[in-house]
Amino acid sequence: MFDEILTHLARRIEERVLAQISLKFAPVRNAPRNMISLLANDDNIAVAGPVLSQSDRIDEKDLIQIAKSKSQTHLLAIAIREQLSEAITDILIERGDPHVVGKLARNGGARFSEKGYKSIVAKAEGDDEISENLGLRIDIPLPLLKQLLMRATNLVRSRLLAAADQEQ
């Protein structure tokens, strides 16, 4: 009931206040689900961003819908979440600009499908940051790592090989 009253009131609150509410609710583990959903779906990234990047209360179905329909800044907020499923990363790779894809490649909690890995490796060509971040992932399939190394610039290739030597 509290959740319903809160979301009803939130529709009448100005965006500046909603952004503050979003910052407060984003890390709360038992935050009201409907309110979190309302905030996450807001077109204003100042309102949606904190809950998109931090809240565990957003349903996967809602995240997928937001990833399919919202702006690059919304995608960026999703890309830095602690955990991301293959279904969400597939959408982020498909729709995301190089900045979004770069953040996603750097996110150790992001899981990639086979299709997602192939797509992100293809997008990495010509982008040193994405190439290096992908090459440092421990879960990248060996054939795709080889493909990435073959396409990488000499600088990125040497950095990746040096990092591999240090880890061994």
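Reply: Here is a walk from the whole protein to the core, then out to a helix pair and a loop.

Keep in mind that this model is predicted. Start with the overall layout. The protein has 12 helices and zero strands. Read along the sequence, the pattern is α-α-α-α-α-α-α-α-α-α-α-α. The C-alpha trace spans about 55 × 30 × 25 Å along its principal axes. The protein has 168 residues, and 45% of them count as buried. Now look at contacts between residues at least 6 apart in sequence. Of these, 60% join residues at least 24 apart.

Next, the core. In soluble globular proteins, nonpolar side chains tend to be buried together. Here the largest nonpolar core holds 43 residues. Which of them touch the most other members? They are Leu39, Leu52, Ile78, Leu92, Leu104, Ile120 and Leu134.

Zoom in on Ile120. Leave aside residues up to four places away in sequence. Ile120 then touches Ile93, Val101, Ala105, Phe112, Ile130 and Leu134. Two names deserve a second look. Leu134 is also among the core residues that touch the most other members. Phe112 leads us to an aromatic ring.

A search of the whole structure finds one aromatic pair. Phe112 and Tyr117 form this pair, and the arrangement is tilted. Their ring centres are 4.9 Å apart, with 55° between the planes.

Now move to a pair of helices. Helix α2 covers residues 15-25, and helix α4 covers residues 45-54. They pack at an angle of about 10°, with their axes 8 Å apart. That angle makes α2 roughly parallel to α4. From α2 come Glu15, Leu18, Ala19, Ser22 and Leu23. They meet Ala46, Val47, Pro50 and Val51 in α4. By class, this contact has seven nonpolar, one polar and one charged residues.

Finish at a loop. Thr153 sits between α11 (142-151) and α12 (154-167). Its relative accessibility is 34%, so Thr153 counts as partly exposed. Thr153 and Asp128 are 25 residues apart along the chain, and their C-alpha atoms are separated by 7.2 Å.

Terms used. Residues are numbered from 1 along each chain as its sequence is written. This is a predicted model: local features need pLDDT of at least 70, side-chain atom pairs count only at pLDDT 80 or more; totals for chains, interfaces and linings use all residues. Side-chain values use heavy atoms; hydrogens and water are left out. A nonpolar core is a set of buried Ala, Val, Leu, Ile, Met, Phe, Trp, Tyr and Cys residues joined through side-chain atoms within 4.5 Å. Buried means under 20% relative accessible area, exposed over 50%, partly exposed in between (1.4 Å probe, protein chains only). Contact means heavy atoms within 4.5 Å. Rings of Phe, Tyr and Trp (its six-membered ring) pair if their centres lie within 6.5 Å; planes under 30 degrees apart count as stacked, over 60 as edge-to-face and the rest as tilted. Axes are lines fitted to C-alpha atoms, for helices over the stretch in contact, and angles run from 0 to 180 degrees between N-to-C directions. Helices (H or I, at least four residues) and strands (E, at least two) are DSSP runs, numbered from the N terminus. Angles under 35 degrees count as roughly parallel, over 145 as roughly antiparallel, 65 to 115 as roughly perpendicular and the rest as oblique. Ala, Val, Leu, Ile, Met, Phe, Trp, Tyr, Cys and Pro count as nonpolar, Asp, Glu, Lys and Arg as charged, and the others, Gly among them, as polar.
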